[in-house]
Amino acid sequence: MRAVVKGRIGVFHLQGFLDGNNAPSFLTLEDIRATESLNVDMLLVSLKKVIFFNKNGLDVFVKLLTKVRNLKHIVVGFCDYDHTKFQAINSFYGHDINFSLFKSEKIAELFVATNKNDSKTVLLYNADPSQRSAMAIELFDYGHNPVIAQSLSEFETKKKTTDLYYAIIEDTHLGFFGQKVATRVTGNAVIYTISNFLDAEIAETFNITYHNNSLNVGFRLFIFDAYKVISMNIHALNFFTKLASSAAEYNATICFVGLTFEKTPEIFKNDLEDAGIMFFETMDNILKNKELLQELGGGGGATVKQHRALNKGLINELSHFIDATVSTLNMMTNAQATKNSLNIQTLTIANPADQFASSIGFYGDIDGLIILVFPKAIAKKACELLIGESNVTDEEVLDSLAEFVNIIGGRAKVLLSENKKRLDITLPRTYSDIATLMEIAQTKKGVQVDLSFEGQNFIFFLTR
Amino acid sequence: MITPEEVAFYIQNIPPTPSVVQQALAYAREGDLIKAAKYAQEDPALRLYLKTLLNRPIYGFKNEVSDVSQIFGILGVAATQQTLYHYLLSLLLPKKWELFALTNHQFYDLQASLGKRWETILDHLKIDDKEIHSAIALIPATIIVCEALFASKKKEVEQLRSIKALDYNTILKRLSGYDLFDLAAQIGQMWEMSEKTISLIRSASGVHNELFAEQKVLAQWIHLLLFYQFSQSTYVSAGLNEFIDFQIDFVQDIYDSFCQVVQ
């Protein structure tokens, strides 16, 4: 069995009965290897469709999860259970639970970085005050707004007004957490929260893959929320200067907010400034200053001056990317897409109204960005297999469009690996309106392929 | 990936019931096991199948049972009918399993244990109806149909499943409008099974809401029995645990009774 990867979370979906006899059969050696090489921030086992489990069955997965956590420093645990199952797990492992428990996948998603700019208000209760605080801090660091109930009675009262909250967090437990630098997105800026004493460990806790992904999909402003930083040493300084150098290639800006130099040598500030890092006292100094935000790149990609040109390597593989797109559409819809025209140009969208777009970056032996622009009806049709219902909201279509473009990225990766080309793909990004896409893409030159599908046109755009 | 035309083509190519089996089934339905055995005796493949099936460990016979009349006598009317359907299903087996890591012997084991456990369940439910008894025989047809339709699409399905937990049944339903249980029911229709049997097969997917009280209870038991079987190590390794969607809420209210009866 392989984990299903959505965003930065991998989930094993088990079904039926789970005990010590059958649990090892769910995981072949290949499955274990594939799991260890997953590029995720969280790995979970869903118990939603498990009607019976015992400790021996869970132990098989706990062993794998622990191994992956030790290897990759990610969050691991179980999700999708009811109160009875939660109590059973607690009784099996007592107070020694060193993995996390999330009542639902929706709750787990609140504790990982996404490409989305969506702060959620959630109601939170845990009888253990230290768990309560840890969850509140993590949620806050990931950009959410936790409403913390201090007592069970307060929780029960607040719980009645479910409409006020995106999620109600109970029967949830954080195991080893805070191993990764918390990340959130505000507008077009990515905010990382760092704290305490920064040393060589920052290189392990900072999610460099996510950072590179964000650069590849067009983010240009990265802010380190450093209010809680006490001090840093030379190793951390080296890490940040290297980060600044790599960001410069994309014309991206790195800022520190709230960092004091009481216990950090003042000379470090000069070194960081020399590397291009900027310092601000408060977050509002950046986020509420629209002009500055635009100048720093947080207003989108329009200010990017340094364009990365199309190169021969990318053009040579164009057919693979188009094949991946057309065959994915064919697989998902049983209908054929046909190519109408192919031109090297900036992205040109004839009718920007009623269109959705999605993009996915890739890097490795070649790097670039695939952008797909669909009329809403085509987007919906393309995602029908994934959604399964005809009455769907725009948000559901956009979520599925992200999955759709992820499959295309995966197929392109497979096709290119046949030519011995190694490729990694970024998190997909979706756009509910073309204006937001154009902020990032309007000045980029690329290959635009106009395709038609069931009488309507859609655009494939490949750029760097 | 899979078009409605491909599904229709598959159904059209289901072989009809061989005349000997048809006759044996007709007599078994009437309760005349002697005449049924006489016809069954004429088909060497059926003879071998019956002998192999009855000597599987789940039946627990100390001595080899080889005579067809003896086999039918041991099985009784309902189980004979069920076994003849099992045999029919074996005619659809692939030469080589590609989608699922199964062997034909493991498939026969699955048929045998489903049949025996279904018998225990019907005893518990105090249901003595040979049509209902036979229904379980066609449930494994879902596995054969799935193998036939998806074997050449394994890579595509793997890619799809790497980003979304979709089972084969759901994929097929969304692409062609038919689910695997509908197709198993169509096979039942071609083999002239009773309407009661066919509708029970259809409802075993656990996704239909408009079921009569008895039909719902039986569908719940079949659905949970399937997942009990698919949770056995052999079938987990074969990939059967992931092939249809387990409707846990559909079976929740019979779970405790199931544990007492089956486990």
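This is a predicted model: local features need pLDDT of at least 70, side-chain atom pairs count only at pLDDT 80 or more; totals for chains, interfaces and linings use all residues.
1. E192(B) lies in a loop of chain B, between α11 (180–190) and α12. With 12 C-beta neighbours inside 10 Å, E192(B) is therefore classed as exposed.

2. N39(A) belongs to the loop that links α1 (29–36) to β3 in chain A. It has 17 other C-beta atoms within 10 Å, so N39(A) is partly exposed. Between N39(A) and S246(A) there are 21 Å in space, C-alpha to C-alpha, and 207 residues in sequence.

3. T172(A) is also a loop residue, placed between β8 (167–169) and β9 (182–186) of chain A. T172(A) is buried, because 24 other C-beta atoms lie within 10 Å of its own and the cut-off for buried is 20 or more. Leaving out residues up to four places away in sequence, T172(A) touches L101(A), F102(A), K103(A), I107(A), N126(A) and M135(A). The C-alpha atoms of T172(A) and F86(A) are 8.3 Å apart, with a sequence separation of 86 residues.

4. On the core: the largest nonpolar core holds 222 residues. The members that touch the most other members are L44(A) and I371(A) in chain A, together with L138(B), I139(B), A184(B) and I201(B) in chain B. In soluble globular proteins, nonpolar side chains tend to be buried together. The contacts of I371(A), not counting residues up to four places away in sequence, are L347(A), A357(A), S359(A), L437(A), A441(A), F461(A) and T463(A).

5. Which residues bring helices α7 and α12 of chain B into contact? From α7(B) they are E131(B), I132(B), S134(B), A135(B) and L138(B), and from α12(B) they are K196(B), T197(B), L200(B) and I201(B). This contact divides by class into 5 nonpolar, 2 polar and 2 charged residues. L138(B) and I201(B) were also listed among the core residues that touch the most other members. Helix α7 spans residues 130–138 and helix α12 residues 195–203; their axes come within 9 Å and cross at roughly 45°. The two helices are therefore oblique to each other, and the crossing is right-handed.

6. Helix α7(B) also packs against α5 of chain B, residues 68–90, where the axes come within 8 Å and cross at roughly 25°. The angle is under 35 degrees, so α5(B) is roughly parallel to α7(B). This crossing is right-handed. On the α5(B) side the contact is made by V77(B), A78(B), A79(B), Q81(B), Q82(B), Y85(B), H86(B) and L89(B). On the α7(B) side it is made by K130(B), H133(B), S134(B), I136(B), A137(B) and L138(B). By class, the contact of α5(B) with α7(B) has 8 nonpolar, 5 polar and 1 charged residues.

7. A further helix pair in chain B is α6 (residues 104–124) with α13 (residues 213–230), whose axes come within 11 Å and cross at roughly 140°. This makes α6(B) oblique to α13(B), because the roughly antiparallel class takes only angles over 145 degrees. The handedness of the crossing is right-handed. Helix α6(B) contributes L110(B), S113(B), L114(B), R117(B), W118(B) and I121(B), while α13(B) contributes W221(B), L225(B) and Q229(B). The contact has 6 nonpolar, 2 polar and 1 charged residues.

8. How many residues of each chain take part in the contact between chains A and B? There are 26 in chain A and 27 in chain B. On the chain A side, the elements giving two or more residues are β1 (4–6), β2 (9–18), β3 (42–53), α16 (384–387) and α17 (394–417). Helix α17(A) supplies the largest share of that side, 5 residues. By class, the chain A side has 10 nonpolar, 10 polar and 6 charged residues.

Key:
Residues are numbered from 1 along each chain as its sequence is written. Chains are lettered from A and ligands numbered from 1 in the order in which they are written. A nonpolar core is a set of buried Ala, Val, Leu, Ile, Met, Phe, Trp, Tyr and Cys residues joined through C-beta atoms within 7 Å. Two residues are in contact if their C-beta atoms, placed from the backbone, lie within 7 Å. Axes are lines fitted to C-alpha atoms, for helices over the stretch in contact, and angles run from 0 to 180 degrees between N-to-C directions. Helices (H or I, at least four residues) and strands (E, at least two) are DSSP runs, numbered from the N terminus. Angles under 35 degrees count as roughly parallel, over 145 as roughly antiparallel, 65 to 115 as roughly perpendicular and the rest as oblique. A crossing is left-handed if the near helix is turned anticlockwise from the far one by less than a right angle, and right-handed if clockwise. Ala, Val, Leu, Ile, Met, Phe, Trp, Tyr, Cys and Pro count as nonpolar, Asp, Glu, Lys and Arg as charged, and the others, Gly among them, as polar.
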